[in-house]
Amino acid sequence: MYLLNLRPISESASTCWSNIRLIATDMDGTLTKKGKFSTALLQTLEDLTASGIKVIIVTGRSAGWISGISSLMPVAGAIAENGGIFYLNGSEQPIALTSIPDLSLHRQQLATAFAELQREFPQIQESADNCFRLTDWTFDIAALTLQELQTLSHLCQSMGWGFTYSTVQCHIKPQSQDKAVGLLQVLQAYWPEYSPEQVVTVGDSPNDESLFACHQFPFSVGVANVLKYANQLQYQPTYVTSAAEAAGFCELASYILKSTVSSI
C-alpha cells in the first residue's frame, strides 16, 4: 500500500497548463463514459485540435481495434497494446514499438503462458479481441481480487513475462513493454521538439502507472476514478480531477484551453 499524495486539479497553477502542447491519454475509463464516447468528449477533442494541442491515445486495446480509432477520431495518433504498436493519424501502417522477430512464435509462447495461468485460475477466459492482437495476450478481468491479480503477476514474472491490468482486461506482455516506454519512443520519433514540461499524461488505472512517473512526465493527471486504485500505485498522478471518466478528461482540457487562450 502506498501513501496518497494526490492534489486536486483545482489547486494547480494556471502556468502548469499554458505550456502544454500534447496530451497523452488512456482511453477506457478516461475518454469513455460507461464504455462509450460522448458528444462532449468528441467536441473537446475537436477544440484541442483547433487550439494546436495534440492528443495521443495510449491504450491497452488491441492493434486491430485501435487502427480504426486512430483514423476516425480527431487525434494525432494512438498507441495500442500498452506500448506495443503505434498508429500515426493519416497512415494505415502500424509502427512496431516492441521488437518481435518471429510474430507467429511470439503468439504461440503467449498462448502457452496463458494456458499455464489457466491451470491455476481455470475461471479466466481469453478476451474476445485477442485475435486482433500482435504483442500481448489478454483475458477478462471479471471478478478477480487484488490478491489474485498479484498472484497472476508473480506467475507471469516467473515465466519471463510482464503483467498488467486495467478496468477491463489483464495483459500478458513482454517485460519491457509499457505505456511510458512506448510513449517516449513516439515522442522522440515524431515530436522531439516537445519538452517533458509540454506534455501531460492522463489515466485512471494500474496499467497507466508508468505514465504517472514524475521523473519522466512532470505533469500527470488522474481522472477521479483513479482513486479506486490510488493505494495500489507506486507512481501516482500529480493531480486528480473532480469528475470521473470522460468528464474528468474534459475538465483537464478546459484548464489547458483556458490557459492557451489567456496566453495569446
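Let's start with a pair of facing residues: Gly162 stands opposite Lys173, which belongs to strand β9. Keep in mind that this is a predicted model.

**A hairpin of two strands**

Gly162 is part of strand β8, residues 162–165. This strand pairs with β9 (residues 169–173) in the antiparallel sense, over 4 bridges. A hairpin of 3 residues joins β8 to β9. Which way do the residues of β8 point? Gly162 and Thr164 point one way, while Phe163 and Tyr165 point the other way, and all are buried.

**A helix with a buried face**

Now look at α4, residues 103–120.

Which residues of α4 are buried? They are His106, Arg107, Leu110, Ala113, Phe114 and Leu117. Seen down the axis of α4, these buried residues fall within an arc of 120 degrees, so they line one face of the helix.

**Asp136, a buried residue in a loop**

Between α4 and β7 (137–140) runs a loop, and Asp136 is found there. Is Asp136 buried or exposed? Asp136 is buried, because its relative accessible area is 0%, and buried means under 20%.

| Residue | Partner | Distance |
|---|---|---|
| Asp136 | Arg133 | 2.8 Å |
| Asp136 | His171 | 2.9 Å |

Leaving aside neighbours within four places in sequence, Asp136 is in contact with several residues, among them Arg107, Leu110, His171 and Lys173. Two of these names, Arg107 and Leu110, are also among the buried residues of α4, and Lys173 is the residue opposite Gly162.

**Ile57, a buried residue in a strand**

Our last stop is Ile57, which lies in strand β3, residues 54–58. Ile57 is buried too, with a relative accessible area of 0%. How far apart are Ile57 and Gly77 in sequence and in space? They are 20 residues apart in sequence and 6.6 Å apart in space, C-alpha to C-alpha. Not counting residues up to four places away in sequence, Ile57 touches residues including Thr25, Met27, Leu31, Gly77 and Ile79.

Methods. Residues are numbered from 1 along each chain as its sequence is written. This is a predicted model: local features need pLDDT of at least 70, side-chain atom pairs count only at pLDDT 80 or more; totals for chains, interfaces and linings use all residues. Side-chain values use heavy atoms; hydrogens and water are left out. Buried means under 20% relative accessible area, exposed over 50%, partly exposed in between (1.4 Å probe, protein chains only). A polar contact is a pair of N or O atoms within 3.5 Å; within protein, one must be able to donate a hydrogen and the other to accept it, and residues adjacent in sequence count only if both atoms are side-chain atoms. Contact means heavy atoms within 4.5 Å. Two strands pair if DSSP finds at least two bridges between them. The arc is that of the directions from the helix axis to the C-beta atoms.
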